[in-house]
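Student: I have a model open and want to talk through it. Can we start with the overall numbers?

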Amino acid sequence: MRKRSVIAAALAAGALVALAAVPAQATEYSSPLKIKGVQYDAPGPDSNRCSGGNAAAEFVTIKNYSRTVTVNLRGYTVKDATGNAYTFRINHYLEPGDYVQLRGNRGTESDARNVAYRDNCNFIWNNDRDTIKLIKPGGAYADTHAYTKSGNDRDGNGYISFHG
């Protein structure tokens, strides 16, 4: 009887060691909408002037990765680490495989050519590091990614891809 207890304890300890050796995985949110990528550093010198500036060249791409579900962006929020945020205010449907680029600058949310504008000329993403959060209308996360220029932008072009 004592041998069985010792063997059972050894097996249990081995299982715990095996579990502890498995690396932690990043959180994967249950949402068909994901942050496909971000142009966090607009090409050229930063200028957030509404006329002649380049705020429209900074954008985040949100894609519907579902094969069957259409998602309405209305009520979804895109937010950075310091709380700068944009909430989609109108019905904006993404069919399976469809995407939208949310850009700075004046304009509307209508997704002509898969582009929606924040109607704000200020840059939202930091050029050195930031966190991008995509938040569902009820407040749960749909996706989130932190980046650093030195750690994530291997070619230095100001664009980082998160989901293919």
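Student: What does the accessible surface of the protein chain come to?

Tutor: About 9600 Å², and 53% of that belongs to carbon and sulfur atoms. Accessible areas here come from the Shrake-Rupley method with a 1.4 Å probe, and for residues only the protein chains shown count as cover. Note that this is a predicted model: local features need pLDDT of at least 70, side-chain atom pairs count only at pLDDT 80 or more, and totals for chains, interfaces and linings use all residues. Residues are numbered from 1 along each chain as its sequence is written, and side-chain values use heavy atoms, with hydrogens and water left out.

Student: How many helices and strands are in the protein chain?

Tutor: It has 2 helices and 11 strands. These are DSSP runs numbered from the N terminus: helices are H or I with at least four residues, strands are E with at least two. From the N terminus on, the order is α-β-β-β-β-β-β-β-β-β-β-α-β.

Student: And what share of the residues counts as buried?

Tutor: 36% of the 164 residues. Buried means under 20% relative accessible area, exposed over 50%, partly exposed in between (1.4 Å probe, protein chains only).

Student: Switching to backbone angles. Where is Asn-114?

Tutor: In the loop between strand S7 (99-103) and strand S8 (115-117). Asn-114 has a positive phi of about 60° although it is not a glycine.

Student: What about the phi of Asp-119?

Tutor: Positive, about 55°, and Asp-119 is not a glycine either. It lies in the loop between S8 and strand S9 (129-135).

Student: Why does Asp-119 count as partly exposed?

Tutor: Because its relative accessibility is 39%.
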